[in-house]
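The following exercises concern contacts between side chains, each with a worked solution. Please study the sequence and the structure before reading on.

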Amino acid sequence: MKIATLIAAMTLAGITLFAQTAAELMQKGIYTQETAGDLDGAMSIYRQILNSGSSPRDLAAQAEYRLAQCLLQKGDLGNAAKEFDNLARNYADY
């Protein structure tokens with residue numbers, strides 16, 4: 001029984017170690033967008049931040065803005081407008 005408890009604890013610790021914070025994801029998203037030029041990859045990261053439900057509001061607002069910027073860069077004006085609308089509606093204080 002002690003071994004099972006130890007294995008469960010180690011598994012949970014491993015999951016925690018590999019989980020990235022919203023700030024780390026934001027840095028990764030910015031790098032992916034601006035340095036690597038991978039807009040689709042960056043958009044995926046920004047959506048991960050937005051969908052996590054536990055991201056600080058300032059980072060969620062920044063992720064929403066950067067997602068809209070990526071869509072603009074891709075020429076997807078309709079979806080960019082929707083994301084900017086979400087930004088104005090959900091994060092007007094930022």
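A salt bridge is a side-chain nitrogen of Lys or Arg within 4 Å of a carboxyl oxygen of Asp or Glu. This is a predicted model, in which local features need pLDDT of at least 70 and side-chain atom pairs count only at pLDDT 80 or more, while totals for chains, interfaces and linings use all residues. Residues are numbered from 1 along each chain as its sequence is written, and side-chain values use heavy atoms, with hydrogens and water left out.

**Exercise 1.** Determine which parts the salt bridge of lysine 74 and aspartate 40 ties together.

Solution. The side chains of lysine 74 and aspartate 40 meet with an N to O distance of 2.4 Å. Lysine 74 lies in helix α4 and aspartate 40 in helix α3 (residues 39-51), so the pair ties together parts that are 34 residues apart in sequence; helices here are DSSP runs (H or I, at least four residues), numbered from the N terminus.

**Exercise 2.** Classify arginine 57 and aspartate 93 by accessibility.

Solution. Buried means under 20% relative accessible area, exposed over 50%, and partly exposed in between (1.4 Å probe, protein chains only). Arginine 57, at 38%, is therefore partly exposed, whereas aspartate 93, at 54%, counts as exposed. These two residues form a salt bridge whose closest N and O atoms are 2.9 Å apart.

**Exercise 3.** Locate the salt bridge of aspartate 85 and arginine 89.

Solution. The closest N and O atoms of this pair are 2.6 Å apart. Both residues lie in helix α5, 4 residues apart, which is about one turn of the helix.

Definitions and conventions:
Helix = DSSP H or I, 4+ residues; strand = E, 2+ residues; numbered from the N terminus.
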